Amino acid sequence: MTWNRKHLLDIESLTADEITTVLDTARAFKAVGERAIKKVPALRGKTVVNLFIEPSTRTRISFELAALRLTADVINFTADASSLKKGETLKDTARNLEALNADIIIIRHSATGAPHFLSRFLHASVINAGDGAHEHPTQALLDTFTVRERKRKIAGLNVTILGDILYSRVARSNIWALSKLGAKVTLCGPSTLVPRVFEQMGCRVTYDVDAAIGDADIINLLRIQHERQRKTMFPSINEYAGLFGLNRDRLSRTKPDVLIMHPGPINRGVEIDSEIADCGRSVILEQVTNGLAVRMAVLFLVNGGKGPQEIAP
Amino acid sequence: MEPFRYLMPDPTVILNTSSLQRALARIAHEIAERNDLGTEVVLVGVQRGGVHLAQRLANFLSDIWGQAVPVGSLDVGMHRDDLGQQAAPKIRPTVIPFDITGKTVVLVDDVLFSGRTTRAALDALNDFGRPRRIQLAVLVDRGHRELPIKADFVGKNVPTSLSERIDVRLQETDGEDVVYLEKQ
């Protein structure tokens with residue numbers, strides 16, 4: 001049991017032990033969500049700010065509900081209805097939120113490193129809810145939580161991440177978390193979206209879908225991040241669906257106990273066929289439930305033990 | 001800490017294996033005496049020192065009442081009043097696989113000290129239902145209460161100074177049944 005961090009900025013800097021601590025803590029918080037009374041007073045009197053400079057529904061709602069279940073007060077701050085539109089800088093926005101005595105600031109931003117930047121001058125705890133194509137730590141934690149719960153282990157498993165890797169912060173955080181915990185990660189997708197450079201992170205890179213999913217224990221599907229792509233990365237959506245989409249035919253050539261995961265939102269008929277998304281091997285909705293527990297655990301852990309400057313970031 | 005144990009004054013044994021066993025047997029009989037309807041009693045051990053003690057009391061009580069007594073475990077980490085003053089505590093499993101509403105819940109803990117853990121346990125228990133009554137059983141009451149809380153069943157009252165430490169070692173976790181009083 002080790003956790004002395006004031007912030008959660010990325011998975012890259014966490015140890016395997018710290019990741020396991022989050023997962024173990026999340027297991028207890030998942031049990032809280034299954035009770036008739038789903039609320040505990042752990043963050044009573046604390047103020048949590050959701051600072052979402054990039055659109056998000058499920059992550060914001062998940063963090064909001066997690067904070068409410070811990071009895072914190074929550075403020076939601078979204079880019080389109082904010083002073084950022086009036087020309088205020090991110091630093092000034094964050095300083096203003098801190099002037100309201102916010103204890104924890106959860107930030108999503110399109111720029112890589114935005115949470116790290118805030119953590120350098122804020123006294124509040126900073127949690128990264130996705131920064132550009134860099135990292136999305138709580139998504140990786142909830143994915144590993146789901147894998148561990150279903151497979152009873154992580155070390156030694158074959159995990160295949162299929163789709164748009166280049167523009168995916170989910171992929172990067174998952175690669176860090178899974179490899180630190182001893183899983184073997186395979187990446188697959190169009191060659192324009194899965195550069196060989198990922199081999200330096202210890203992953204196997206292949207452009208042959210059947211080879212990628214044949215021995216997989218987990219298939220994690222990623223959406224095509226159109227909003228981040230600056231140019232056309234493949235000819236057409238239909239071609240992508242045909243070459244890389246998970247359908248019944250491809251699934252029939254995988255291990256019978258393979259789990260299908262997806263961070264959402266899913267695009268039915270593109271990266272995953274509708275019937276596969278709803279089949280028994282899909283744990284997509286379990287991921288949502290587990291996300292709540294993991295975010296409660298993260299809020300609980302970063303809140304522990306800090307007078308503003310006592311713990312180094 | 002362990003490697004430097006030899007530097008500290010010898011700890012005093014306040015309960016040895018047989019006196020610890022007798023204390024638990026007596027507490028079980030007192031619980032049975034106070035609650036004549038065994039079917040209405042459930043035991044809940046407070047993580048983590050109380051969990052094994054609750055199981056042992058349940059074994060005694062099953063013999064006395066001739067029926068199984070439900071045992072649960074409760075972690076109070078999310079209900080503590082010192083969160084934010086120290087690093088987040090390790091959360092251990094809370095398992096209460098029965099309905100506590102209308103029952104007599106006997107909370108079991110190893111050491112009663114400030115009373116703050118018990119207060120947190122009372123709050124945590126509240127989230128699971130509305131018991132008929134809650135009673136408190138502890139192996140050692142060392143005094144220094146900071147809240148108006150009192151145990152119903154006590155294995156041994158031990159007057160201590162604040163600088164002393166009570167170390168409860170149980171067969172299940174430490175390989176021996178003995179309670180030490182250590183000077184710091």
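**Figure 1. Chain A falls into two domains.** Domain 1 covers 16-135 + 289-303 of chain A and domain 2 covers 137-288; these bounds come from an automatic or database domain assignment. Please keep in mind that this is a predicted model, in which local features need pLDDT of at least 70, side-chain atom pairs count only at pLDDT 80 or more, and totals for chains, interfaces and linings use all residues. Residues are numbered from 1 along each chain as its sequence is written, while chains are lettered from A and ligands numbered from 1 in the order in which they are written.

**Figure 2. Here is where domain 1 of chain A meets domain 2 of chain A.** The C-alpha centres of the two domains of chain A lie 25 Å apart. Their contact draws 20 residues from domain 1 of chain A and 22 residues from domain 2 of chain A, where two residues are in contact if their C-beta atoms, placed from the backbone, lie within 7 Å. On the domain 1 side, the elements that give two or more residues are α1 (16-33), β4 (125-131) and α11 (284-303) of chain A. Of these, α11(A) gives the most, with 6 residues. Helices (H or I, at least four residues) and strands (E, at least two) are DSSP runs, numbered from the N terminus. By class, this side of domain 1 has 9 nonpolar, 7 polar and 4 charged residues. Ala, Val, Leu, Ile, Met, Phe, Trp, Tyr, Cys and Pro count as nonpolar, Asp, Glu, Lys and Arg as charged, and the others, Gly among them, as polar.

**Figure 3. Strand β3 of chain A is enclosed by the rest of the structure.** Why is β3(A) described as largely enclosed? Because 6 of the 6 residues of this strand (residues 104-109) are buried, meaning that 20 or more other C-beta atoms lie within 10 Å of a residue's own, with C-beta atoms placed from the backbone. In a regular strand the side chains alternate between the two faces of the sheet. Both faces of β3(A) are covered, with A:I104, A:I106 and A:R108 buried on one side and A:I105, A:I107 and A:H109 buried on the other.

**Figure 4. β3(A) has parallel partners in β1(A) and β4(A).** Strand β1 (residues 47-52) of chain A pairs with β3(A) over 5 bridges; two strands pair if DSSP finds at least two bridges between them. Within this pairing, A:V49 has A:I105 as its bridge partner. Another 5 bridges join β3(A) to β4(A), and there A:I107 stands opposite A:N128. From β3(A) the chain passes through helix α4 (residues 114-119) of chain A to β4(A), making a right-handed β-α-β crossover: with the strands pointing away from the viewer, the path from the first strand over the helix to the second runs clockwise.

**Figure 5. A:L181 sits in a loop of chain A.** This loop runs between α6 (169-180) and β6 (184-188) of chain A. A:L181 is partly exposed, with 19 other C-beta atoms within 10 Å. Leaving aside residues up to four places away in sequence, A:L181 touches A:A16, A:I19, A:T144, A:I154 and A:A155. A:P235 is 54 residues from A:L181 in sequence and 37 Å away in space, C-alpha to C-alpha.

**Figure 6. Chain B touches chain A.** The contact takes 14 residues from chain B and 16 residues from chain A. The chain B side has 7 nonpolar, 4 polar and 3 charged residues.

Note on methods
Buried ≥ 20, exposed ≤ 12 C-beta atoms within 10 Å, placed from the backbone.
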